[in-house]
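I opened this notebook to record what I looked up in the structure. The entries follow the order in which I worked.

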Amino acid sequence: MDISALKAKLGELEAEATRAISEAKSADAIRSAETRLTKEPIAEALAALKTLPGEQRGEAGKTINATKERLKELFAAGLAGLREKAVAADQAQAGAFDPTLPGPVTARGALHPVTIVQWEVERVLSGLGFTVVGGPEMETDFHNFEALNIPATHPARDMMDTFWLDNGWLLRTHTSPCQVRAMRQFGAPLRVCAPGRCFRYETIDASHENTFFQVEGLMIDRNISISHLIAVMRMLLREVFQRDVKVRLRPGFFPFVEPGFELDMSCEICGGKGCATCKQSGWVEILPCGMVHPNVLRFGNIDPREFTGFAFGLGLTRLAMMKFGVGDIRVLNSGDLRGIAPAGRLAGETIVERVGARA
Ligand SMILES: [Zn+2]
């Protein structure tokens, strides 16, 4: 090797170092390039010194040392440059942060539509002197059927497909068993309402569910008549919907009332024009009601010669669908928040507020 080849080689080393530094994305990359381009190549160049003619060795040695120094400076400058870039990026980010901007909005939970309607009904009925009571969801045949004037052979049992349990009990098909329990516990006169979950062994579609909510109402006193029933129903629906709602009474057969009625209200979803929820009729069955059958009073240990009363079973699920315009009953049990907690209702009453108001 002669001195010009050695100088060319050292020149290449410098050029490669400059390129490696400009391409390096991290301090580690610069450090590893430094190791690769200084240690061995410089050692090789020093080793090559011996092969040069004597008079060229001094100049070659100076060139090697100068290259070594320059490489050291280049890499040091490269590291410093990288640090400056990082600091500048940090500062740019700090400048972009605006502490006065509002934070991310956390969605606030809301009550389930059925709960809202249930509490509304409880509020109205409590104002009329009704006591809110509960009852078990697993019931005996006696409370669910027998004491409601539906003996084992009665054809009305066919209308209520039932989930039977292994122990001979059943999942209550309506909240009416609470009537029996309340009459036996409190006697007459009596005003109770019993909201709760009910079950029917039914095929599920847009207007039928196997699990739904009702509220039972029962008023027993001397001289109670159908006009009391109609007045309470009208007031209740007006309060729930915050306006007068069109209702109609049709004669209906229910073994536990005599006479019995089917109370329909105009469909709030289609405005009476006809839709899947109202089965194209424009009317939705909201509740069966009527005057408590004397047999039922007797089963409740109340004397039908002294007391009369009315009872109704209001479909809370159906009512919630009407109030909030939920077109498909399946949405309510689905847990899908897009259906049961639309943005407009997220600002509604919260559990905390409700509990606070009760306390
Ligand atoms: Zn409709």
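**Entry 1. The sheet**

What is the order of the seven strands in the open sheet? I worked from a predicted model, and I read the order as β1-β4-β5-β9-β8-β7-β6, with mixed pairing. I then looked up the edges. β1 (131-132) and β6 (247-251) stand there, and each has a single partner strand, so one side of each is left without a neighbour in the sheet.

I noted Cys-193 in β4 as the bridge partner of Val-132.

I followed β7 to its pairing with β8, where the two strands run antiparallel and eight bridges join them. Here Gly-260 stands opposite Gly-290 in β8.

**Entry 2**

Which strands does helix α6 (residues 177-186) touch? I found that α6 packs on the sheet and touches β4, β5 (211-221) and β9 (308-315). The direction of α6 makes about 145° with that of β4.

I also looked up helix α9 (residues 316-324). This helix lies across β4, β5, β8 (283-292) and β9, and it runs at about 55° to β9.

**Entry 2. Backbone details**

I checked the peptide bonds next. A cis peptide bond joins Ala-188 and Pro-189, with omega about -5°. I located Pro-189 in the loop between α6 and β4.

The peptide bond from Glu-258 to Pro-259 is also cis, with omega near -5°.

Asn-223 lies in the loop between β5 and α7 (226-241).

The axes of helix α1 (residues 3-23) and helix α3 (residues 54-96) come within 10 Å and cross at roughly 0°. That makes α1 roughly parallel to α3. Among the α1 residues in this contact I listed Leu-6, Leu-10, Leu-13 and Ile-21, and the α3 residues they and others meet include Ile-64, Leu-71, Leu-74 and Phe-75. By class, the residues of the contact of α1 with α3 divide into 11 nonpolar, five polar and four charged.

Helix α2 (residues 27-49) packs with α3 at an angle of about 180°, and their axes are 10 Å apart. That makes α2 roughly antiparallel to α3. On the α2 side I noted residues including Ile-30, Leu-37, Ile-42 and Leu-49; on the α3 side, residues including Ile-64, Leu-71, Leu-79 and Leu-82. I recorded 13 nonpolar, three polar and three charged residues for the contact of α2 with α3.

How do α1 and α2 pack, and at what angle? I found an angle of about 175°, with the axes 10 Å apart. α1 and α2 are therefore roughly antiparallel to each other. Leu-6, Leu-10, Leu-13 and Ala-17 are among the α1 residues in this contact, and Ile-30, Leu-37, Pro-41 and Ala-45 are among those of α2. The contact of α1 with α2 has 12 nonpolar, no polar and two charged residues.

**Entry 3. The chain as a whole**

The protein chain has 12 helices and nine strands. Its radius of gyration is 42 Å, well over the 21 Å that the globule rule gives for 359 residues, so the chain is more spread out than a compact globule. The C-alpha atoms fill a box of roughly 140 × 50 × 45 Å along the principal axes.

How is the protein chain divided into domains? I recorded domain 1 (3-96) and domain 2 (113-332 + 351-358). The C-alpha centres of domain 1 and domain 2 lie 89 Å apart.

Note on methods: Residues numbered from 1 in each chain as written. Predicted model: local features only at pLDDT ≥ 70, side-chain atom pairs only at ≥ 80, totals over all residues. Helix = DSSP H or I, 4+ residues; strand = E, 2+ residues; numbered from the N terminus. Parallel < 35°, antiparallel > 145°, perpendicular 65-115°, else oblique. Contact = placed C-beta atoms within 7 Å. Nonpolar A, V, L, I, M, F, W, Y, C, P; charged D, E, K, R; others polar. Pairing = 2+ DSSP bridges. Domains from an automatic or database assignment. Rg over C-alpha atoms; globule rule 2.2 N^0.38 Å.
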